[in-house]
Amino acid sequence: MIATRSQDAYELARPAFERFRRQPVAASNGFPYDSLEDFVARGSALIGSPAQITDKLLALHADFGNDLFGVGFEGFFFTDAATTRGHLERFFAEVVPVIRAELR
């Protein structure tokens, strides 16, 4: 979930995150995150401003030395094709070029 301001991204993502957290599947699978903020900080969630998402991906590269990122846009945050497409377009326009430039 990408937005100009991280607060807006969190506001968009929070309802879906809370719905998922209340589902039995989350509890039965041991979903370890108590809050959306915790999920972003310690988990795989890429939620925030383009700069925050870029920083997270660069930090993961620094920590693990990976040369490939698998980024999924499915799941409980995206409910329709237009929303998904908008976030993908923004990710590829604002995050990917910076990652490519930094990791050359």
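These exercises, with worked solutions, concern a predicted model of a protein.

**Exercise 1. Fold and overall form**

Find which secondary structure elements the protein has, and judge how compact the chain is.

Solution. Start with the elements: the protein has 5 helices and 0 strands. In sequence order the pattern reads α-α-α-α-α. Next, take the radius of gyration, which is 14 Å; the globule rule gives 13 Å for 104 residues, and the two values are close, so the protein is as compact as a globular protein of that length. Finally, a box of roughly 45 × 30 × 20 Å along the principal axes holds the C-alpha atoms.

**Exercise 2. Burial and surface**

State what percentage of the residues is buried and what share of the accessible surface belongs to carbon and sulfur atoms.

Solution. A residue is buried if its relative accessible area is under 20%. By this cut-off, 36% of the 104 residues are buried. The accessible surface is about 6500 Å², and carbon and sulfur atoms account for 54% of that area.

**Exercise 3. Charges**

Count the charged side chains and compare the centres of the two sets.

Solution. There are 11 positive and 14 negative side chains. The centres of these sets lie 3 Å apart.

Methods. Residues are numbered from 1 along each chain as its sequence is written. This is a predicted model: local features need pLDDT of at least 70, side-chain atom pairs count only at pLDDT 80 or more; totals for chains, interfaces and linings use all residues. Side-chain values use heavy atoms; hydrogens and water are left out. Helices (H or I, at least four residues) and strands (E, at least two) are DSSP runs, numbered from the N terminus. The radius of gyration is taken over C-alpha atoms; the globule rule is 2.2 Å times the number of residues to the power 0.38. Buried means under 20% relative accessible area, exposed over 50%, partly exposed in between (1.4 Å probe, protein chains only). Accessible areas come from the Shrake-Rupley method with a 1.4 Å probe; for residues, only the protein chains shown count as cover. Lys and Arg count as positive and Asp and Glu as negative; His and the chain ends are not counted. The place of a charge is taken as NZ of Lys, CZ of Arg, CG of Asp or CD of Glu.
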